[in-house]
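My entries follow in the order of the look-ups.

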Amino acid sequence: MKKVEIFENERATGYNQFVETWIPNYNYFLDRLPKLLSDANGKELLVVGCGTGNEIERFVKAPEHWTITGIDPSPEMIKQANDKFHNHDNVKLFTGLVSELEIEKKYSVATLLLVLHFLDDNGNKLNLLKDIADRLVSGAAFVMLDITGDKNQIKQNLKVLRHLLPDGLDAEQINNRLSRIENELFAVSEERLSELLQEAGFEKPLRFFQSSIYMGWLTKKK
Ligand SMILES: C[S@@+](CC[C@H](N)C(=O)[O-])C[C@H]1O[C@@H](n2cnc3c(N)ncnc32)[C@H](O)[C@@H]1O
């Protein structure tokens, strides 16, 4: 059962370089997040799988004042986030799982970026989504970015991704990475993702962004 994906050593230290290389338009997506969520019913944000703090960075810089809680099971990723935000009173960071966060505290917005494809669809995806929904007020906005698509769609979009990668990458490295995405990660189809979200207590999600295999989704807690 795949419940947590461990990010440590070079995977943690080289993380920011990694996303910039392999996820075309990711910085654009991150930069627009505070604007996208500016009319949510509140500014209490939960960043699930916050990693090194890429999402948090954008909300800290936003013109509105956000109160931000970031959580991630990897101590090495949280350490990097903590180095960036230790002097921000409005940012709290936790090492652990969402299920370990107190249930009484409810948030008005949550994000889950590049996490769900690491968890299997034998209960772990659904449990994570339910754990998030349980910590949101009714009507809270929820944004996801994830590798999404059925087998054929992923195959086709991996060909697109290959064209969008920066020049100068090692051919073997590209093949290994694309093969890992196709064969080892747990992407689900758009229909299945929608089903999982609704079963977890969210409205039918809207796909509002796509960059090859990566799709951005927006929904609300029912
Ligand atoms: C690809 S990184 C994404 C980090 C950050 N969201 C970003 O976009 O830069 C995936 C993160 O998910 C975390 N993770 C793995 N399993 C998780 C789980 N069950 N719940 C929450 N986060 C998890 C990893 O530790 C890692 O930091």
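I took a pocket to be an open set of points on a 1 Å grid over the protein atoms alone, with protein on both sides within 12 Å along at least five of seven lines. A molecule sits in a pocket if more than half of its atoms lie within 2 Å of its grid points. By that rule, the ligand sits in the largest pocket.

The model is predicted, so I note that local features need pLDDT of at least 70, side-chain atom pairs count only at pLDDT 80 or more, and totals for chains, interfaces and linings use all residues. Residues are numbered from 1 along each chain as its sequence is written, and side-chain values use heavy atoms, with hydrogens and water left out.

I looked up the surroundings of the ligand and found 21 residues, the closest being K3, Y26, G49, E55 and D72 (a heavy atom within 4 Å). I then looked up polar contacts (N or O atoms within 3.5 Å). A side-chain N or O atom of D72 is 2.6 Å from a ligand oxygen. For E55, a polar side-chain atom lies 2.6 Å from a ligand nitrogen. G49 uses a backbone N or O atom, 2.7 Å from a nitrogen of the ligand. The protein covers 98% of the 600 Å² of accessible area that the ligand has on its own (Shrake-Rupley method, 1.4 Å probe).

I searched the whole structure for aromatic pairs (ring centres within 6.5 Å) and found seven. F29 and F208 have ring centres 5.8 Å apart and planes at 25 degrees, so this pair is stacked (planes under 30 degrees apart).

Conventions
A polar contact is a pair of N or O atoms within 3.5 Å; within protein, one must be able to donate a hydrogen and the other to accept it, and residues adjacent in sequence count only if both atoms are side-chain atoms. On a 1 Å grid over the protein atoms alone, a cavity is a set of points where a 1.4 Å probe fits but cannot get out, and a pocket is an open set with protein on both sides within 12 Å along at least five of seven lines; lining residues have an atom within 4 Å of a point. Rings of Phe, Tyr and Trp (its six-membered ring) pair if their centres lie within 6.5 Å; planes under 30 degrees apart count as stacked, over 60 as edge-to-face and the rest as tilted.
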